[in-house]
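Student: I would like to learn how to read helix packing and aromatic pairs in a model. Please take one feature at a time.

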Amino acid sequence: MPSELPLGALAPSDGRLPLSAAVGSDARDLGMYVHVPFCRVRCGYCDFNTYTATELRGARQVDYADEALDEVRLAGRVLADLGAAPRTLSTVFFGGGTPTLLPARDLGRMLSGIREEFGLAAEAEVTTEANPDSVDERYLEELAAAGFTRVSFGMQSAVPHVLATLERTHDPARIPDVVAAARNVGLDVSLDLIYGTPGESLDDWKRSLEHAIQQRPDHLSAYALIVEDGTKLARQIRRGEVGSPDDDLEADMYELANDMLAEGGFGWYEVSNWSTSREHRSRHNLSYWTGQDWWGIGPGAHSHVGGVRWWNVKHPAAYASRLAQSESPAAGREVLDDETRRMERILLETRIRNGLPIDVLSPTSRHVVAELIADELVNAEAALRGRVVLTVRGRLLADAVVRRLTD
């Protein structure tokens, strides 16, 4: 959840959506993202819309569950007034920040309110992110009892000096403990890793991968570090206190991850994501990549319903104030035209294992596919089946591939 909000038109104070957002809703899944914007400390690389206790100024963590539930009820009213097809939620994802800084009963209470307002589909995926040092087995047991099905731990690295550069506070030795605790209470497990941290070697990265694979999670994400303007890490690099990420080394790290994860029984399904089976892919994230509908709850949260995208005010105090006045917390929005939606589909679906139907491309871009095959960026066999699927090299250059397809 990036901290900077985009530009856009003002959103109406009652949150109502244009009638166009209901078109085709019966063919799309509906999910919900709940942003919990609290962290114990701010990591030096983080650009997300998060707040430590000293930064809240006019908002309180203890009030947050009730505030979020006010927006859940608003969402129910807006979608009912829109006349969109009635849909139970296929996925719910609590992200942050650190959702597990809140008491487990608060997360459970929010999920209960979501279930009451929308209902959950059979076999719905319900995930929370968690820092390894913010939960124990009792906490996770409460989440499982409340209806959570999955937990995503922010492991990031198994190497102390890498964690120190990232300013992550957990002990890598906690990872086996929390994974075992989640397993004991029946939760599926995902681990998140970051590679390309200044000072991280290829051997360091191999060590982190080995440690993650040894835990036998159901799912694993591996993201290249992006140095965002305005972060502490960006300032440290600018002052020469730490080095910049090395693009060539990051490419080597990605290829190593792909090879080791494949050998470890993980199948790639999106540029930065692997799972032990189709059933353990992140269905919530796949809904983003395949253009489904979702409502984002919380400060700075983004939503998308039927080609309408909007985003909430950033600060928890402003968010709470809007809801206290029975107003929508939406700060701005945009209605996507057909060409923008097509371009975004190209951007997102080329990143996933299923690929993009070639007939979505313009006639000119379809000719580019042959060049991409020759450059070993697109899989030739998949193209014969009418789909654009990236090779490993194509995944490394995904942004460049998209630019060529949309020029």
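Student: What do the buried residues of helix 10 pack against?

Tutor: This is a predicted model, so local features need pLDDT of at least 70 and side-chain atom pairs count only at pLDDT 80 or more, while totals for chains, interfaces and linings use all residues. Residues are numbered from 1 along each chain as its sequence is written, and side-chain values use heavy atoms, with hydrogens and water left out. The buried residues of helix 10 pack against helix 1, strand 10 (293-297) and strand 12 (308-312). Helices (H or I, at least four residues) and strands (E, at least two) are DSSP runs, numbered from the N terminus. Contact means heavy atoms within 4.5 Å.

Student: Which residues are buried in helix 10?

Tutor: Buried means under 20% relative accessible area, exposed over 50%, and partly exposed in between, with a 1.4 Å probe and protein chains only. In helix 10 (residues 316-324) the buried ones are P316, A317, Y319, A320 and L323. They span an arc of only 160° around the axis, so they sit on the same side of helix 10. The arc is taken from the directions from the helix axis to the C-beta atoms. As a general idea, an α-helix has 3.6 residues a turn, so residues three or four places apart point the same way. Just after helix 10, S326 has a positive phi of about 60°.

Student: Where is W310 found, and what does W310 touch?

Tutor: W310 is found in strand 12 and is buried at 4% relative accessibility. Not counting residues up to four places away in sequence, W310 touches L17, W295, A301, H302, S303, H304, V305, A330, G332 and R333. W310 and L17 are 293 residues apart along the chain, and their C-alpha atoms are separated by 9.9 Å.

Student: How many aromatic pairs does the structure hold?

Tutor: A pair of aromatic rings is described by the distance of the centres and the angle of the planes. Rings of Phe, Tyr and Trp (its six-membered ring) pair if their centres lie within 6.5 Å; planes under 30 degrees apart count as stacked, over 60 as edge-to-face and the rest as tilted. The structure holds nine such pairs. One of them is F38 with Y64, edge-to-face at 5.3 Å centre to centre and 85° between the planes. The pair links distant parts of the chain, 26 residues apart: F38 lies in the loop between strand 2 (30-36) and helix 1 (64-82), and Y64 in helix 1. F38 is buried, with a relative accessible area of 1%, and Y64 is buried with a relative accessible area of 1%. F38, Y64 and Y319 form one aromatic cluster.

Student: Which residues of helix 15 are buried, and what covers them?

Tutor: A398, V401, V402 and L405 are the buried residues of helix 15. Seen down the axis, they fall within an arc of 100°, so they line one face of helix 15. Their cover includes helix 11 (338-349), helix 12, strand 15 (387-388) and helix 14 (392-396).

Student: At what angle do helix 11 and helix 15 pack?

Tutor: Axes are lines fitted to C-alpha atoms, for helices over the stretch in contact, and angles run from 0 to 180 degrees between N-to-C directions. Helix 11 and helix 15 pack at about 145°, with axes 9 Å apart. M343, I346 and L347 in helix 11 meet V402, L405 and T406 in helix 15.
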